[in-house]
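I opened my notebook to look up a few local features, one at a time.

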Amino acid sequence: MKRIAKKIAVATLTTAFVAMSATAQEADDAFDGGEDSFSGFEDESSGGGDDFDFDSDSSSPSLSWNGQVDADARLWIGGEDSGKHNTRAWSSPNDISKSSVDADAKLKLDLSYKGANTDAKATLKIDAATIKEHPEDVLSEASVGGSFFDGVLELRAGKMIKPWGKCDKVHVLDNFNANDYTDFIFPDYLDRRLGEIMFSAKIEPPLPCITELEGIYTPFMTADRFATSGKLVPYAQTAISNATKEAAEKIVAQAFSDYTTATVGLSTGQTTTEAAQQAGAAYMLALSNATSLNSDTDSLYPDTKQLRYGQAGLRLTGETPIGLSWGTSYYYGHYKQPSFDKRKLKLYLDKRLAGTSTDDSDKFLQYDQLQVFGLEAETVKPLWFFGYIPLNFFKSIANFELDTRMEFAYNLTQDFDGTNPAIHNNSIAWVAGIQRDFWGINVNLQETGSYILKNDEIENGLAKTIDVDYNSDGTYSRNKIILVVKDTFMNENLTAEAQVIFGIENKEICIVPKVEYNISEGLTFTARGAWIYSDNENGEFYNFTADSTHHDKAFVQLAAKYIF
């Protein structure tokens, strides 16, 4: 009944928004002779929560809307081989015909109502998976806000996506919103972010070199989301499920053994009927609870819709006279992916299968408390600004201006000494990159990494193999190079792009080529592919290649998009 009620609520909300939008559009058409009249809302939505410009020339309230329709089909290269995905399993047209295919259609609708000093905006994202599994996220964003004291103070509240940091689609300071990894990292960065209920305030201090001070608070936290079926189910998630299932089976088997032993004892007169009945009841209860647990694995995770999982942060940004944009920030919250405490697994399952009440403190999956102290900067300067150019050949390009960005984070947890195997150690993380058009070709190069502090305590600890930070290679740094090369042709209607991500320590790689062609107006067709390779269990991509024969996966995809 709850699922049906949610679907009815979503359908009603969607119908109301569409009807309201259609009425407003008819009014606009009657006013301006039928021409579309938008207010740049597309830029606002793509910015993932950027505030409106309240200095608009129009003083009368106005409703604006736009949207996007997507349809795509993805063919996974290869097939099943002895229970594992094999990218080289194609040997005949018949093999190709058996390959796995994913297809979907999506609707995104952005709406905004803007008054003289206040506004309301919402984003609807409608697709089959969201309606079925997470209907609350059909309403991706919905917030109200206002500007006061001549723009000095801005307040906003609602479900929002608020990106922090200055780098391009790769961040170490953007902590408030969770990620939707059900399609790995293939969607654009902001499209992977999940809206969160927030309250934000911005002020513009009358101080030199300071742009604004922003504060954000969320009453609870949404965790990162991963696929539960298909080709992109994480190996770590499967490993936790398997460990839980095996531990539960052992407990049930022991309960059955206790029951049969008691029954045998009864037949020889060595025990009482009550003892046999008690053992039998315990076995049936354990079996029933194990079955229930298997169908409700979400109950293994702590409930993050609690005040203790609230998030808060401050961010101060500014600009220096030499053109350097800077920022510093503080975040308090939790990691959005759980730590696995193997020591508590059996204790929790013993209670759960025996029907004893449990709470979040009993669970073997926990979201570690996290504080992040951050620095960020961006500047656009010629190449010579960054140092001496020794050769005449390089002097010819010394005046090329580079868009340079960086972020640095110090991650503070409750395991400051690094001796608690169930909690992440403190760590540092960073990302730095440059972007530049070279003879019409846009090149974006970034390097991102992290380093776990006090890792010697992990290596020397007696419980190192169950430490959440343990690395079997003994390597506690993780670095990736991200290169994106893009060019346009045919009056910028055709765009060719290639993205390469290379994990240095774990020698893993992800390659994503893409070609887009704008047919007419807002209609665009896209052809793209992807290949992921990782055979090191310590690698990030290994989560998605561990279940394949050659530790790789690949697909080709065709898509159509219409923006209106």
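**Entry 1: the model itself.** I note at the start that this is a predicted model. I keep that in mind for every value below.

**Entry 2: E407.** I began with a glutamate in strand β15, which covers residues 401-412. Is E407 buried or exposed? I found it buried, and without a salt bridge. R315 is the nearest side chain of opposite charge, and it is 7.1 Å away.

Which backbone atoms does the E407 side chain reach, then? I found the backbone nitrogen of V172 at 3.0 Å from a polar atom of this side chain. The backbone nitrogen of L173 is reached as well, at 3.3 Å.

**Entry 3: cysteines.** How many disulfides does a search of the whole structure find? I got 0. For reference, a disulfide is a covalent bond between the sulfur atoms of two cysteines. I also looked up the accessibility of two cysteines. C167 counts as buried because its relative accessibility is 6%, under the 20% cut-off. C209 has 36% and counts as partly exposed.

**Entry 4: β5, β6 and β7.** I followed the pairing from strand to strand here. Strand β5 (residues 118-126) runs antiparallel to strand β6 (residues 139-148), and 7 bridges join them. On the other pairing, β6 meets strand β7 (residues 153-160), also in the antiparallel sense, over 7 bridges.

D119 stands opposite G145, and in β7 the bridge partner of G145 is R156. I then checked the connection: β6 and β7 form a hairpin with 4 residues between them. F149 sits in that turn and has a positive phi of about 55°.

**Entry 5: positive phi in a loop.** Next I went to the loop between β7 and α5 (189-192), where K169 is found. K169 is not a glycine, yet its phi is positive, about 65°. F184 is found in the loop between β7 and α5 too. Its phi is near 55°, again a positive value in a residue other than glycine.

Are these two buried or exposed? K169 is partly exposed because its relative accessible area is 48%. F184 counts as buried because its relative accessibility is 4%.

**Entry 6: β9, β10 and β11.** I traced another set of pairings. Strand β9 (residues 210-218) pairs with strand β10 (residues 311-319) in the antiparallel sense, over 8 bridges. β10 is joined by 8 bridges to strand β11 (residues 324-334), and these two run antiparallel.

The bridge partner of L213 in β10 is L316, and L316 stands opposite T328 in β11. How many residues lie between β10 and β11 in their hairpin? I counted 4, and G323 in the turn has a positive phi of about 85°.

**Entry 7: helix α7.** I finished with a helix of 22 residues, α7 (residues 273-294). From its first C-alpha to its last it reaches 32 Å, close to the 32 Å expected at 1.5 Å a residue. Which residues of α7 are buried? I listed A276, A279, G280, Y283, A286, N289, A290 and L293.

Note on methods
Residues numbered from 1 in each chain as written. Predicted model: local features only at pLDDT ≥ 70, side-chain atom pairs only at ≥ 80, totals over all residues. Heavy atoms only, no water. Buried < 20%, exposed > 50% of the residue type's maximum accessible area, 1.4 Å probe, protein only. Lys, Arg positive; Asp, Glu negative; His and termini not counted. Salt bridge = Lys/Arg side-chain N within 4 Å of Asp/Glu carboxyl O. Polar contact = N/O pair within 3.5 Å; in protein donor to acceptor, adjacent residues only side chain to side chain. Disulfide = S-S within 2.5 Å. Pairing = 2+ DSSP bridges. Expected span 1.5 Å × (residues − 1).
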